[in-house]
Amino acid sequence: MKSVILLASLFMSLSASAENWQSFQVEGLNKAQIRQQDIQPHLQQIIDSPVFNVEHIGSSYLGRPIHRIKIGKGSTKLMLWSQMHGDESTATSALFDLMRRMEKDQGWRQSWQDKLTIYMIPMLNPDGAEQATRTNAQGIDINRDARALQTPEGRLLLAQAKELKPDFGFNLHDQNRFYSAGHHNNPATISLLAPAFNDRKSISPARHRAMQIIGVLKEVADARIPEHLGRYDDTYAPRAFGDNLAGMGISTILIESGAHRQDPNRQVAREMNLIMLSAAIDSIQSGSYAKQDLSAYTDIPFNRREAFRDVLMSDLLVKEGSQQYRIDLAIDLNLPNARQPRIKEVGDLTVYSGFFEFDANGWQFQPAKGYTLSDATTLTREDYLALLQQGYGYFASDADKLDNQSGLPMAFSNVSMSDTRPRAGHRAVFFLEHKDGRKIAVIEGLLIDLNSGKVLNSYST
């Protein structure tokens, strides 16, 4: 009953000032990868706003500026940082959405600005963001640098924690798209953790508060994205910032943004970050989180690694000479850029779920043939489908010789891809032939029905 009352109170608070969460969404950040140039115009608006105080607090290894945005004048301090890993940009977009709400929603801002001081460091790793790499320009994982402090970005974050002495820290990351929300057959769109600060996984007052805040976030997530919430294993990681900041007495909350079906740029997770961070601010300023016991936290199922595959085919027949066998086959689309998707695994894959699933019972694997272009060629949809019907799945020529007017994916390789059987690590270019004569071309992981000419899946998970 207590949980129902808390949830009702929380949503009254949220919905009263935010009927439409998308109204706070900052333009131009619906991208798979956010770089510093993407946030620069929005940062300039924040600098120009009288609501915020912006400081240049340091620079990346390659000299890119790192800023801290401050709002509020209360005694309780919150510190939020994003994109410590350069290729994890969902929460950076969400922080700018949150800042837009802080600026535009005056009534909401006034409810907490005299109680809280909030510090935000968006894009802690701008060099990694520029190259879409997890590490910084030194090749070091900043989140494994809390002790050695070999990176300027890591030294900066620790210095901020020591200077500000925040009561609450929000460590904002992305996780890979293959996590599931516990036993649910759903991707973990959000995963949460109150990190441990020692091997015993002790629960100090600060960690207890972090677990209570996560209890609040769980109720919000359960209402909006049911069965898409997971919890990370809390094994102590002595080099990680979250664990070390928790050891400094900061109530540290890890929020990991993950996949949602048909949402390649993680806009569902982006909106959930905005909603959950708003809920956290409300519960901290009111103190309502203190009414949470730890059951909500412990009820969050542990997320499962490698529970999903991008494309999953089941019960596919393979014939090779006098031998034949049936397999499941998974394809990794190599998102977000979809550069040379490959066969991930073959065999018994019944333990996985697929973002796109294809029942291959009645279908047989067929190798692709290579087609050589001798001259520059313009290929229409009709011409290309005719080549696919003949079993030509890739062009044994340079791509610059061909003007693709078909609107369909094409594969190019100067090395033979005519495998007689599917193998892990090989390019996802082959054919499926049904016993009734229908054919499907699998070109760079996309399935093209050769009867209709339609692509059956896409590069969106």
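Reader: How many helices and strands does the protein chain have?
Author: The structure is a predicted model, and its C-alpha atoms fill a box of roughly 75 × 45 × 45 Å along the principal axes. Within the protein chain, the secondary structure comes to 11 helices and 20 strands.

Reader: What is the radius of gyration of the protein chain, and what does the globule rule give for 461 residues?
Author: The protein chain is as compact as a globular protein of its length, because its radius of gyration is close to what the globule rule gives for 461 residues. The two values are 25 Å for the chain and 23 Å from the rule.

Reader: Which element of the protein chain has the lowest mean pLDDT?
Author: The protein chain averages a pLDDT of 95, and 96% of the residues score at least 70. Over residues 1-6, however, pLDDT stays under 50, and the model has six contacts beyond four places in sequence for them. Where pLDDT is low, the predicted coordinates should not be read in detail. Among the elements, strand β3 (residues 76-82) has the highest mean, 99, whereas the lowest, 48, belongs to helix α1 (residues 2-17).

Reader: How many nonpolar, polar and charged residues does the contact of α3 with α9 have?
Author: α3 passes α9 in a right-handed crossing. The residues in contact include Leu95, Leu98 and Arg101 of α3, and Arg270, Leu274 and Ile281 of α9. By class, the contact has nine nonpolar, four polar and three charged residues.

Terms used. Residues are numbered from 1 along each chain as its sequence is written. This is a predicted model: local features need pLDDT of at least 70, side-chain atom pairs count only at pLDDT 80 or more; totals for chains, interfaces and linings use all residues. Side-chain values use heavy atoms; hydrogens and water are left out. pLDDT is the predictor's confidence in each residue, from 0 to 100. Helices (H or I, at least four residues) and strands (E, at least two) are DSSP runs, numbered from the N terminus. Contact means heavy atoms within 4.5 Å. A crossing is left-handed if the near helix is turned anticlockwise from the far one by less than a right angle, and right-handed if clockwise. Ala, Val, Leu, Ile, Met, Phe, Trp, Tyr, Cys and Pro count as nonpolar, Asp, Glu, Lys and Arg as charged, and the others, Gly among them, as polar. The radius of gyration is taken over C-alpha atoms; the globule rule is 2.2 Å times the number of residues to the power 0.38.
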